[in-house]
Amino acid sequence: MILRFFAAVVLIYALGFLGFAVALPKPATDEKTDAVIVLTGGPGRIARGLDVVGQGLAKEMFVSGVDPEVKPAEFAAEFDVSRRTMECCVKLGYLAVDTRSNAGEAAQWLKENEFTTVRLVTTDWHMARAASEFSETLPPEVEVIKDAVPSHPDLATLYLEYNKLLAAAVSQGLPR
């Protein structure tokens with residue numbers, strides 16, 4: 001009986017991982033939002049956020065998890081952002097060190113600016129956990145549009161992220 005139980009747990013885990021790995025989210029459509037939140041840590045994320053602002057799909061961009069040593073001018077030079085765009089539309093957040101603190105930092109910024117719709121930009125393999133942390137932190141009236149940056153993750157990245165997602169689910173009290 002115990003062996004069957006453990007076999008069932010392993011099967012559920014393996015099927016969950018398979019579902020996670022083959023159903024990575026896609027980029028969002030051209031829906032407009034008040035703001036775009038970009039989580040640092042992966043290639044293409046900041047470029048996607050700047051593209052969203054450049055297309056007029058969001059008024060402002062908040063980059064969460066920026067290294068405290070990075071100055072706005074350095075950020076602008078690194079990502080070829082004009083001075084005008086930096087001043088009007090790009091805000092850098094220096095407090096977050098992980099996905100959970102990204103959500104807290106972004107929630108504070110959204111509240112201060114009274115934004116009610118936001119586009120969340122992160123890598124496709126990171127989106128499920130990021131969206132989960134954001135839904136746990138943001139007020140229910142804030143609408144979040146998931147905008148995943150496509151990538152080609154290796155098996156190790158997917159495996160690690162799936163386990164982090166499961167750990168986040170447990171810490172949040174399991175399924176909603």
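## Helices H6 and H7

Helices H6 and H7 cross in a left-handed sense. The model is predicted. H6 covers residues 127-137 and H7 covers residues 155-172. Their axes come within 9 Å and cross at roughly 15°. Angles under 35 degrees count as roughly parallel, so H6 is roughly parallel to H7.

Which residues of H6 meet H7? On the H6 side they are Ala128, Arg129, Ser132, Glu133 and Glu136. On the H7 side they are Glu161, Lys164, Leu165, Ala168 and Gln172. An α-helix has 3.6 residues a turn, so residues three or four places apart point the same way.

## Helices H1 and H7

H7 also packs against H1. The axes of H1 and H7 come within 10 Å and cross at roughly 115°. Angles from 65 to 115 degrees count as roughly perpendicular, and H1 and H7 therefore fall under that heading. The crossing of H1 and H7 is right-handed. H1 brings Tyr13, Gly16, Phe17, Phe20 and Ala21 to the contact. H7 brings Leu155, Leu158, Tyr159, Glu161, Tyr162, Asn163, Leu165 and Leu166.

Take Ala21 as a landmark. Ala21 lies in H1, which spans residues 2-22. Is Ala21 buried or partly exposed? Its relative accessibility is 22%, so Ala21 counts as partly exposed. Ala21 and Leu155 are 134 residues apart along the chain. Their C-alpha atoms are separated by 8.6 Å.

## The nonpolar cores

The largest nonpolar core has 20 residues. Val36, Met61, Phe75 and Val90 have the most contacts inside it. Six elements are listed as giving two or more residues to this core: strand S1 (33-39), helix H2 (45-54), strand S2 (58-64), helix H3 (72-79), helix H4 (83-89) and strand S3 (90-93). Which element gives the largest share? H2 does, with four residues.

Leaving aside neighbours within four places in sequence, Phe75 is in contact with Ile46, Met61, Val63, Val70, Val81, Met86, Val90 and Leu92. Another core lies apart from the largest one. That other core has 19 residues, among them Val118, Leu120, Ala131 and Ala148.

## Helix H2

How many residues of H2 are buried? Seven of its ten are, so H2 is mostly covered. The buried residues in H2 are Arg45, Ile46, Arg48, Gly49, Leu50, Val52 and Val53. After H2 comes Gly56. The phi of Gly56 is positive, near 80°.

## The disulfide

The structure has one disulfide. Cys88 and Cys89 form it, with their sulfur atoms 2.1 Å apart. Sulfur atoms within 2.5 Å count as a disulfide. The torsion about the S-S bond is about -80°, so the disulfide is left-handed.

Which of the two cysteines is buried? Cys89 is, because its relative accessibility of 12% is under the 20% cut-off. Cys88 has a relative accessible area of 36% and is therefore partly exposed.

Definitions and conventions
Residues are numbered from 1 along each chain as its sequence is written. This is a predicted model: local features need pLDDT of at least 70, side-chain atom pairs count only at pLDDT 80 or more; totals for chains, interfaces and linings use all residues. Side-chain values use heavy atoms; hydrogens and water are left out. Buried means under 20% relative accessible area, exposed over 50%, partly exposed in between (1.4 Å probe, protein chains only). A nonpolar core is a set of buried Ala, Val, Leu, Ile, Met, Phe, Trp, Tyr and Cys residues joined through side-chain atoms within 4.5 Å. Contact means heavy atoms within 4.5 Å. Axes are lines fitted to C-alpha atoms, for helices over the stretch in contact, and angles run from 0 to 180 degrees between N-to-C directions. Angles under 35 degrees count as roughly parallel, over 145 as roughly antiparallel, 65 to 115 as roughly perpendicular and the rest as oblique. A crossing is left-handed if the near helix is turned anticlockwise from the far one by less than a right angle, and right-handed if clockwise.
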